[in-house]
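Reader: I am new to looking at protein models, and I would like to learn how to read one feature at a time. Could you take me through an example, giving the general idea before the particular case?

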Amino acid sequence: MPEVERKPKITASRKLLLKSLMLAKAKECWEQEHEEREAEKKRYLAERIPALQTRGLSLSALQDLCRDLHAKVEVVDEERYDIEAMSGMEGRKKMFDAAKSPTTQ
């Protein structure tokens with residue numbers, strides 16, 4: 001029997017159109033999700049962090065406030081550094097253990 005050339009069920013232009021529509025819809029969904037995430041982040045920060053009141057404070061009170069904020073930032077930075085260092089150490093330990101173990105032949 002001779003082979004019959006099958007025609008595709010969908011034309012190339014229709015396929016391209018559908019692909020571009022799917023990409024446009026995906027982009028729209030991604031942008032909406034991004035906006036929702038940003039709104040959630042703002043809501044969370046507004047809920048967790050009180051507004052900073054600096055009106056009516058004297059120079060020494062402002063300096064004390066700055067010192068307190070700086071100390072808090074230092075603590076957070078140290079914790080972040082420790083977490084990053086520990087996660088890096090764990091990764092290096094795993095690589096060392098894998099290199100140390102004999103390979104099977």
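Predicted model: local features only at pLDDT ≥ 70, side-chain atom pairs only at ≥ 80, totals over all residues.

Reader: Let me begin with the overall picture: how many helices and how many strands does the secondary structure of the protein come to?

Author: The secondary structure consists of two helices and zero strands. Helix 1 covers residues 12–48, and helix 2 covers residues 59–100.

Reader: What share of the 105 residues in the protein is made up of buried residues?

Author: A residue is called buried when its relative accessible area is under 20%, and by that cut-off buried residues make up 0% of the 105 residues. The accessible surface of the whole protein comes to about 10800 Å², and 60% of that surface belongs to carbon and sulfur atoms.

Reader: Now to the charges: what is the general idea behind a salt bridge, and how many salt bridges does the count come to?

Author: Side chains of opposite charge can pair when their charged atoms come close. The cut-off used here is 4 Å between a side-chain nitrogen of Lys or Arg and a carboxyl oxygen of Asp or Glu, and the count by this rule comes to seven salt bridges.

Reader: Where do E40 and R43 lie, and how many residues apart are they?

Author: Both E40 and R43 belong to helix 1, where they are three residues apart, or about one turn of the helix. Their side chains meet in a salt bridge with an N to O distance of 2.6 Å. E40 counts as partly exposed because its relative accessibility is 41%, and R43 counts as partly exposed because its relative accessibility is 42%.

Reader: Are D77, R80 and E84 buried or partly exposed?

Author: D77 is partly exposed, with a relative accessible area of 32%, while R80 counts as partly exposed at 43% and E84 counts as partly exposed at 44%.

Reader: Which residues gather in a patch of negative charge on the surface?

Author: That patch of negative charge is formed by E74, E78, E79 and D82. Taking one of them as an example, E78 is found in helix 2 and is partly exposed, with a relative accessible area of 49%.

Reader: And which residues form a nonpolar patch on the surface?

Author: The nonpolar patch is made of I10, L17, L18 and L21, which together have about 310 Å² of accessible area. Among them, L17 lies in helix 1 and counts as partly exposed at 39% relative accessibility.

Reader: Lastly, how many disulfides does a search of the whole structure find?

Author: The search finds zero disulfides.

Key
Residues numbered from 1 in each chain as written. Heavy atoms only, no water. Helix = DSSP H or I, 4+ residues; strand = E, 2+ residues; numbered from the N terminus. Buried < 20%, exposed > 50% of the residue type's maximum accessible area, 1.4 Å probe, protein only. Patch = residues over 30% accessible without salt bridge, like charges linked within 9 Å, V, L, I, M, F, W, Y side chains within 5 Å. Areas by Shrake-Rupley, 256 points an atom, 1.4 Å probe, with all protein chains shown as cover. Lys, Arg positive; Asp, Glu negative; His and termini not counted. Charge placed at Lys NZ, Arg CZ, Asp CG, Glu CD. Disulfide = S-S within 2.5 Å.
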